Amino acid sequence: MKISWIKYKNDTKSFRIFKNIGMDVVDIENREDIDTAINRLVSNDYKTIILSSDVAAFSNDIITKYQKSDDINIVIMPNSRK
């Protein structure tokens, strides 16, 4: 099972530990590109995608496409405290 994390590029605290140990953490340039990033990960067979809450708010696909999916797990995590 492939897992990835997605966060905004200026968020230097969220998912830092996962990135430091070499896990797949995707930094997006624009929060509006979140759906594109999710779709790219899904097409590359990622089954669990964990989003920081600040980028999740910009996604339309989370609810419309993946809410009832048995194959894809979308998890929204609160941002790290600053």
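Select R31, in the loop between strand 2 and helix 2. Helices (H or I, at least four residues) and strands (E, at least two) are DSSP runs, numbered from the N terminus. This is a predicted model: local features need pLDDT of at least 70, side-chain atom pairs count only at pLDDT 80 or more, and totals for chains, interfaces and linings use all residues. Residues are numbered from 1 along each chain as its sequence is written, and side-chain values use heavy atoms, with hydrogens and water left out.

R31 is partly exposed, at 27% relative accessible area. (Buried means under 20%, exposed over 50%, partly exposed in between; 1.4 Å probe, protein chains only.) Now show its contacts, meaning heavy atoms within 4.5 Å. Beyond neighbours within four places in sequence, R31 touches Y8, D54, V55 and F58.

Next, pick D54. D54 forms a salt bridge with R31, with the closest N and O atoms 3.6 Å apart. (A salt bridge is a side-chain nitrogen of Lys or Arg within 4 Å of a carboxyl oxygen of Asp or Glu.) D54 lies in helix 3, so the pair ties together parts 23 residues apart in sequence. D54 is buried, at 18%.

K7 is buried at 5%.

Last, select helix 2, residues 34–43. Its buried residues are I34, D35, A37, I38 and L41.
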